[in-house]
Amino acid sequence: MKGWPRPAAASPALSRWRALLRERRFQQLLAARLTSQAADGVFQASLASAVFFNPEHHASAARVASGFVVLLLPYSLVGPFAGVFLDRWRRQRVLVYGALVRSLVVAVAAALLARQGPAGLGFEVAALAALSINRFYLADLGASLPSILTDRLLVAGNALSPTAGTVATIAGGGIGLGLRELAGRGSGADAVACLVAAVGYVVAALLALRLPAESLGPAVRNQAPLRRQLAGTVRGLVAGADHIRRLPSAAAGLGMICGQRLLFGVWSIMALLLYRNHFHDAGLLRAGIVGFGQAVAAGGIGFVIAAAVAPVAAARFGLRRWIVIVTGFLAVAELVLGLEFALAPLLVAALATGFATQSTKICVDTLLQEQVSDEFRGRAFAFYDTVFNASFVAAAVVAAVSLPATGTSTVAVVLIAAGYAVLALGYSSAASTVASGPAARRAGP
């Protein structure tokens, strides 16, 4: 009608979100993803409870460290080779059979938990197998999106899917902890949570069956000899490492983040031991697995703050200076907050650690993206991802031989703080020797 204001046109971003959520294939894939990752959360909560917080079993530093190794090895060893298989197999079938096999493996883990608790090689092998399959599953979800979304919607799909999956995992973790409380705690309760996760994986497989077999690609399956492809992956990792070695700025950044990851791993195991064997409930602040969950949440808040602050701070100070600043800050925070071995200071330390480590990762990721040649970028980041996860595995070994069962080690706190200080000074010195170029001028000295 003349004289009436015309409705405002939807923004391009909002239009893309609406179009994305109307895509039938995306809806089906997202449903399978959310169900599977919610089951992941239930299973991981049962694992954490069984391995780290089961009152029926003593949790020494060595046992906690071995548990971390089991949890992290798939990400260090399986990850680089996942793409080789995902280019050979129909990805929809990976979702279906991967979920079904995981359901079977998790059911076996539940039976072992109910019978003998988390002790024994059989349970560890079952947990390792389930987590390894999950590494394939998550990689398959990412590789499937371009087959069902146009370039216009792909960025929105890549933003929504992992974020929604993470929320589903967290929700599943809460469900797993709730099941543990309802079932009476102990290994039997953890087994119940595992069985619920196994059912969730079956549902995820059924949801994935709604997708046509060829809908997720690959359009042309790679038929090259598997041995040659696996060897090529290893050569690619070596080539990526060699390329980073030839770039002083990238090599310094990788050294910094690996050092931080090592210290963060030792600190994380120390915090878990404190919650498991030293702390007691104090009002809203809790000990045990609930308290450790509070620390994880505090670290997550630090991650979110880093995501908001790091781009602005890096633009103001330069990428390299901001890495030095947050690492130096973390050295002081760990020393001031860690020596009290109390609940409230540890939560603040968790927030500070999450903020500083994520700030560093954002900056190092950017530095590598700027410095690494495009032809080497995939191989360089595959190597980066491998050593990033392997550094945490190394931290578990260090923690196993250095921490007491209670986690109360003044020496460890001082050495962790000193380690961050050495990293800040060493990286500052290394960064100052990097020849200035276009990327270096942008990053700052």
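Trainee: Is Thr 386 buried or exposed?

Mentor: Let's start with the idea: buried means under 20% relative accessible area, exposed means over 50%, and partly exposed lies in between (1.4 Å probe, protein chains only). Thr 386 has a relative accessible area of 16%, so it is buried. You'll find Thr 386 in helix 13, residues 374-402. Helices here are DSSP runs (H or I, at least four residues), strands are E runs of at least two, and both are numbered from the N terminus.

Trainee: Before we go on, what kind of model is this?

Mentor: This is a predicted model, where local features need pLDDT of at least 70, side-chain atom pairs count only at pLDDT 80 or more, and totals for chains, interfaces and linings use all residues. Residues are numbered from 1 along each chain as its sequence is written, and side-chain values use heavy atoms, with hydrogens and water left out.

Trainee: Which residues does Thr 386 touch?

Mentor: Contact means heavy atoms within 4.5 Å. Leaving aside residues up to four places away in sequence, Thr 386 touches Ser 76, Pro 80 and Leu 237.

Trainee: How many residues are in the largest nonpolar core?

Mentor: A nonpolar core is a set of buried Ala, Val, Leu, Ile, Met, Phe, Trp, Tyr and Cys residues joined through side-chain atoms within 4.5 Å. The largest one here has 101 residues, and Phe 68, Trp 267, Ile 269 and Tyr 275 have the most contacts inside it. Helix 9 (residues 248-277) gives the most to this core, with 17 residues. Apart from it lies another core, of 24 residues, including Leu 29 and Ala 99.

Trainee: Where is Phe 68, and what does it touch?

Mentor: Phe 68 sits in helix 3, residues 61-86. With 10% relative accessibility, Phe 68 counts as buried. Not counting residues up to four places away in sequence, Phe 68 touches Phe 52, Ile 269, Leu 272, Phe 392 and Ala 396.

Trainee: And what about Leu 104: buried or exposed?

Mentor: Leu 104 belongs to helix 4, and at 59% relative accessibility it counts as exposed. The C-alpha atoms of Leu 104 and Val 199 are 9.5 Å apart, although 95 residues separate the two along the chain.

Trainee: How do I read a pair of packed helices?

Mentor: Two packed helices are described by the angle between their axes and the distance between the axes. Axes are lines fitted to C-alpha atoms, for helices over the stretch in contact, and angles run from 0 to 180 degrees between N-to-C directions. Take helix 2 (residues 24-52) and helix 4 (residues 91-116): their axes come within 12 Å and cross at roughly 20°. Helix 2 and helix 4 are therefore roughly parallel; the cut-offs are under 35 degrees for roughly parallel, over 145 for roughly antiparallel, 65 to 115 for roughly perpendicular, and oblique for the rest.

Trainee: Which residues meet there?

Mentor: Leu 29, Ser 36, Asp 40, Phe 43 and Ala 50 in helix 2 meet Leu 95, Arg 102, Val 106 and Leu 113 in helix 4.
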